[in-house]
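Good morning, everyone, and thank you for making the time. Please have a look at the model on the screen before I start talking.

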Amino acid sequence: MSVLSGQARLAGLLGWPVAHSRSPRLHGFWLERYRIDGAYLPLPVRPDSLAPALHGLLACGFQGCNVTSPHKEAAFALCDTRTDPARRVGVVNTLVFRDGRIHGSSTDGAGFLANLRDHGIDPSAGPALLLGAGGATRDIAAALLDSGAKVAISNRTPERAAALTRLLPALSVIAWERRSAALADRALVVNTTSAGMAGTPPLKVDFSRAAPSLVVADILYVPLLTPFLAAARAHGLTTVGGLGMLLHQAVEGFTAWFGVHPAVDRELFNFVASDLAAS
Ligand code: ATR
């Protein structure tokens, strides 16, 4: 629906920057598919303006919003209630406004697992290795642990890996220098760093000693085939790209804001991917 009524439901994405995000495209697809009187807006909000921006959206009658980098931790602190998974990791990406209150949840980890399952992969089939220890790593590590997998992390800066184990004590740590050797006995390795995103240098990982059954996943989706995944494919390994996670993590918010549980399917994937093909 391109013409809104006076009762249109409104949501959006707060980030800085926000122009690169494909969330408006994916929510826009669903709004049109389900003929919903509503809109999902890209909202560039400076790091020091998060609180007034959120309270402004509340005052304007928005249903809620997503928050992305660099707001996920600050938004957590501004919520009135938080889901258990969000409380565990101290970040939120999905906010729902009800009766003047802000309810926060973190849906990246569940989105990551749903994407793996879409590819026929059991997340708890064997030990996993997460590369990175940033904001994106937290929720995925917690979700993998909850699914029953053994999870190790490896990060370029060891202090940040140690800090994450204080948050999630079931995690073990593998030294950054050993990340390639460690692939010999892993079922799953995930790039949760920002290295390899279009315009940044690729992550250096050598897959030559990897177990042949290793599943290699990336949470980046620009480009669709990251250098990390391309290197894994060159060794004949199974790969899972990051776009499916973006689609799945969006379901909870869309359902709460617009009242329809949307389908994640091939048509949606192709619509969002078509915008990335040239990236
Ligand atoms: P986000 O919230 O998106 O996860 P972040 O908290 O800044 O962002 O974390 C970025 C992650 O990518 C970190 O784990 C970072 O490693 P450091 O802790 O050593 O900085 C990792 N990262 C970014 N560029 C990298 C590179 N070129 N090689 C290895 N790791 C990199």
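What you see is a predicted model, in which local features need pLDDT of at least 70 and side-chain atom pairs count only at pLDDT 80 or more, while totals for chains, interfaces and linings use all residues. Residues are numbered from 1 along each chain as its sequence is written, and side-chain values use heavy atoms, with hydrogens and water left out.

The protein chain holds 11 helices and 12 strands, where helices (H or I, at least four residues) and strands (E, at least two) are DSSP runs numbered from the N terminus. Its radius of gyration is 19 Å, close to the 19 Å that the globule rule gives for 279 residues, so the chain is as compact as a globular protein of that length; the radius is taken over C-alpha atoms, and the rule is 2.2 Å times the number of residues to the power 0.38. Along the principal axes, the C-alpha trace spans about 60 × 40 × 35 Å. Of the 279 residues, 51% are buried, with buried meaning under 20% relative accessible area, exposed over 50%, and partly exposed in between (1.4 Å probe, protein chains only).

The domain assignment, which is automatic or from a database, gives domain 1 as 9–107 + 250–265 and domain 2 as 109–244. Their centres, taken over C-alpha atoms, are separated by 26 Å, and 10 residues of domain 1 are in contact with 12 residues of domain 2, contact meaning heavy atoms within 4.5 Å.

Strand E5 (residues 94–98) is mostly covered, with 4 of its 5 residues buried. E5 pairs in the antiparallel sense with strand E3 (residues 64–67) over 3 bridges, and with strand E6 (residues 101–105), again antiparallel, over 5 bridges. In the hairpin of E5 and E6, which has 2 residues between the strands, aspartate 99 takes a positive phi near 55 degrees.

The other open sheet also has 6 strands, with parallel pairing in the order E9-E8-E7-E10-E11-E12. Strand E9 (172–173) and strand E12 (238–240) stand at its edges, each with a single partner strand, so one side of each lacks a neighbour in the sheet. Helix H6 (residues 135–146) lies across strand E7 (128–131), strand E8 (151–154) and strand E10 (188–191), running at about 175 degrees to E7.

Finally, is histidine 27 buried or exposed? This residue of helix H1 (residues 23–33) has 0% relative accessibility and therefore counts as buried. Leaving aside residues up to four places away in sequence, histidine 27 touches Tyr40, Asn66, Ala250, Phe254 and Trp257.

Conventions. Pairing = 2+ DSSP bridges. Axes fitted to C-alpha atoms, helices over the stretch in contact; angles between N-to-C directions.
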